[in-house]
Amino acid sequence: MLLGRVVGAVVPAVVYDGLEGVPMLLVQPLDRSGQPDGRTLVAADATRMAGPGELVCYEGGREAAMALDPSFVPVDHAIIGIVDDVVREPR
Amino acid sequence: MIVGTVTGHLHSTIAHPFYRAKPLLLVEREDASGVPTGDYLIAVDTVGAGVGQRVLVLDEGNGARQVMASADGPVRSVIVGIVDDVTHS
């Protein structure tokens, strides 16, 4: 999993079977120190509770779909959890 | 598998049910000579690793689910070892 910041939402008009009602959020990936890193991506929100500005952790690949119900759906990133706090202890 | 160093942990109250009560650690990847590459990942700890320790991380879904004894957990990265030393020949 990686850390990301929710920066927006996508409102689909038509979706593939199984994705009805699944929130699609715009996520800005973050680097190890919490700074924006790379392009934003669209992730299905498996928690269904993430909102704008929130720090989340997301998974990519097959595991993203497995976080959803039904799980045999075409997604490549999913928000797995809303992060309350990251405790970093630099080496 | 990946060698990295644990640099922190994170708390997540609202998460997928699979992750309830599972320790999530921040692991920074290293190259072959032990220098941080700048990449990191968040992994489930299965061996009791702590901050500052070098660890072995499995970053593959099927093996991770086998380790976690879960058929359908959305998990890919698990810490499966604590590294004492890496030697180069």
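Predicted model: local features only at pLDDT ≥ 70, side-chain atom pairs only at ≥ 80, totals over all residues.

**Entry 1: chain A on its own.** I started with the elements of chain A and found one helix and six strands. From the N terminus on, I read them as β-β-β-β-α-β-β.

Next I looked up the dimensions. The C-alpha trace of chain A spans about 45 × 20 × 20 Å along its principal axes.

Then I turned to contacts with a separation of 6 or more, and in chain A 51% of them come from residues 24 or more positions apart.

**Entry 2: chain B on its own.** Chain B has one helix and six strands. Its pattern along the sequence is β-β-β-β-β-α-β.

I took the box for this chain too: the C-alpha atoms of chain B fill roughly 40 × 25 × 20 Å along the principal axes. With 89 residues, a compact globule would have a radius of gyration near 12 Å, and the 13 Å of chain B agrees with that.

Of the 89 residues of chain B, 35% count as buried. Among contacts in chain B with a separation of 6 or more, residues 24 or more positions apart account for 52%.

**Entry 3: how confident is the predictor?** I looked at chain B and noted a mean pLDDT of 96, with 100% of its residues at 70 or more. For the complex, the predictor gives an ipTM of 0.91 and a pTM of 0.94.

Entry 4: I then went through the bridges between chain A and chain B. Strand E5 of chain A (residues 77-82) is joined to E2(B) by two bridges, and the strands run antiparallel. Here Ile82(A) has Ile14(B) as its bridge partner.

Strand E6 of chain A (residues 85-88) joins E1(B) through four bridges, again antiparallel. In that pairing, I found Asp85(A) opposite His11(B).

**Entry 5: E1(B) inside its own chain.** Which strands of chain B does E1(B) pair with? One of them is strand E5 of chain B (residues 54-59), antiparallel over four bridges. Val3(B) has Leu56(B) as its bridge partner there. Another is E3(B), antiparallel over six bridges. In this pairing Gly4(B) stands opposite Arg29(B).

A reminder to myself for reading these strands: in a regular strand the side chains alternate between the two faces of the sheet.

**Entry 6: a look at Glu28(B).** I picked this residue from strand E3 of chain B. Is Glu28(B) buried or partly exposed? It counts as partly exposed, because it has 19 C-beta neighbours inside 10 Å and a buried residue needs 20 or more.

Leaving out residues up to four places away in sequence, Glu28(B) touches Arg32(A) in the other chain, and in chain B it touches Gly4(B), Thr5(B), Thr7(B), Pro36(B) and Tyr40(B). I also took one distance: Glu28(B) and His88(B) are 60 residues apart in sequence and 20 Å apart in space, C-alpha to C-alpha.

**Entry 7: the nonpolar core.** The largest nonpolar core has 45 residues. Those with the most contacts inside it are Cys57(A), Tyr58(A), Ala78(A), Ile79(A), Ile80(A), Val27(B) and Ile79(B). In soluble globular proteins, nonpolar side chains tend to be buried together.

I followed up on Ala78(A). Apart from its neighbours within four places in sequence, Ala78(A) is in contact with Ala43(A), Ala44(A), Ala46(A), Tyr58(A), Glu59(A), Ala64(A), Ala67(A) and Leu68(A).

How values were computed: Residues numbered from 1 in each chain as written. Chains lettered and ligands numbered in written order. Pairing = 2+ DSSP bridges. Buried ≥ 20, exposed ≤ 12 C-beta atoms within 10 Å, placed from the backbone. Contact = placed C-beta atoms within 7 Å. Rg over C-alpha atoms; globule rule 2.2 N^0.38 Å. pLDDT = per-residue confidence, 0-100. Core = buried A, V, L, I, M, F, W, Y, C linked by C-beta atoms within 7 Å.
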